[in-house]
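I opened this entry to keep a record of what I looked up, going from the whole chain down to single residues.

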Amino acid sequence: MSSDERCEVCGEELDDEICERCLKNLAKEVGSFFEVKERKSTEENYISCRDGTPSWIREMIYEAHSGMLPDDYKYRFVSDAVDIIADVGLGEPYIEADVYTSDLLKWVGSSLTRTGYCDDAIQEYGMDSKTAFTTTLAMGQELEKREVYDMVLNYLKDKIKQQELINHE
Ligand SMILES: [Zn+2]
């Protein structure tokens, strides 16, 4: 890679056409639009968007739902993904399933779509009948988290590229 390729915005060297510093900054900015709220009926916390959240961030969240109706887990996974990107940039993300089986059972019980993630995990990771049920749940959830992460990362990368184009004009 040529060292001449530098970010138009901050002057940092580009990594595969993307400025990692601007990517991290954008992720931090996006993260500031999420807030934790408490649902009165269940006293459970959930993640929501603040008033004034830019429409492109709402679109990103919508896309990360992969066709599901607005869903607390999707919001949480998007928010987690944004935090991870703000931290590691283009580096390898640390993504793993919830630790407690009770949390995994809640997750899979929240939507029929999520049994599909477990089915996919069985295929993808080549699990067999000896694989523990809890492992299947964990791998299924990890698959969903990674799917959301990949979507969010691509969305933010595209946003950075668009900004660079605007700066070129
Ligand atoms: Zn930059």
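**Ground rules.** I am working with a predicted model, in which local features need pLDDT of at least 70 and side-chain atom pairs count only at pLDDT 80 or more, while totals for chains, interfaces and linings use all residues. I number residues from 1 along each chain as its sequence is written.

**Whole chain.** I looked up the secondary structure and found six helices and two strands, where helices (H or I, at least four residues) and strands (E, at least two) are DSSP runs numbered from the N terminus. Along the sequence I read the pattern as α-β-β-α-α-α-α-α. The C-alpha atoms fill a box of roughly 55 × 40 × 25 Å along the principal axes. I noted that buried residues make up 23% of the 169 residues; a residue is buried if 20 or more other C-beta atoms lie within 10 Å of its own, exposed if 12 or fewer, and partly exposed in between, with C-beta atoms placed from the backbone. For contacts I took pairs whose C-beta atoms, placed from the backbone, lie within 7 Å. Among contacts between residues at least 6 apart in sequence, 60% join residues at least 24 apart.

**Core.** I next asked which residues of the largest nonpolar core touch the most other members. They are Val78, Ala81, Ile85, Val152 and Leu156, out of 30 residues in that core, a nonpolar core being a set of buried Ala, Val, Leu, Ile, Met, Phe, Trp, Tyr and Cys residues joined through C-beta atoms within 7 Å. At least two residues of this core come from each of helix 1 (20-31), helix 2 (55-64), helix 3 (72-88), helix 4 (101-109), helix 5 (113-124) and helix 6 (133-168). Helix 6 gives the largest share, 10 residues. I then followed Val78, which touches Ile61, Ala64, Val148 and Val152, not counting residues up to four places away in sequence.

Phe34 has Cys49 in strand 2 as its bridge partner. The two strands form a hairpin with four residues between them, and Glu43 in the turn has a positive phi of about 60°. Tyr75, which I placed in helix 3, touches Tyr46, Ile47, Ser48 and Ile61, leaving aside residues up to four places away in sequence. Tyr75 counts as partly exposed because it has 19 C-beta neighbours inside 10 Å.

I checked the length of helix 1: its 12 residues should span 16 Å at 1.5 Å a residue, and its end C-alpha atoms are 16 Å apart, which agrees; the expected span is 1.5 Å times one less than the number of residues. The buried residues of helix 1 are Cys22, Leu23, Ala27 and Val30. Seen down the axis of helix 1, these buried residues fall within an arc of 140°, so they line one face of the helix, the arc being that of the directions from the helix axis to the C-beta atoms. In the segment before helix 1 I found Asp16, which has a positive phi of about 55° although it is not a glycine. Asp16 is exposed, with 9 other C-beta atoms within 10 Å. Glu17 lies in the segment before helix 1 as well, and its phi is positive, near 70°. I keep in mind that most residues other than glycine have a negative phi.

**Helix 5 and Cys118.** Helix 5 has 12 residues and reaches 17 Å from its first C-alpha to its last, close to the 16 Å expected at 1.5 Å a residue. Its buried residues are Arg114, Tyr117, Cys118 and Ala121. Seen down the axis of helix 5, they fall within an arc of 100°, so they line one face of the helix. Is Cys118 buried or exposed? Cys118 is buried, since 20 other C-beta atoms lie within 10 Å. Not counting residues up to four places away in sequence, Cys118 touches Val108, Thr136, Leu137 and Gly140. I also looked up Cys118 and Ala138, which are 20 residues apart in sequence and 8.2 Å apart in space, C-alpha to C-alpha. After helix 5 comes Gly126, whose phi is positive, near 60°.

Terms used: Two residues are in contact if their C-beta atoms, placed from the backbone, lie within 7 Å. Two strands pair if DSSP finds at least two bridges between them.
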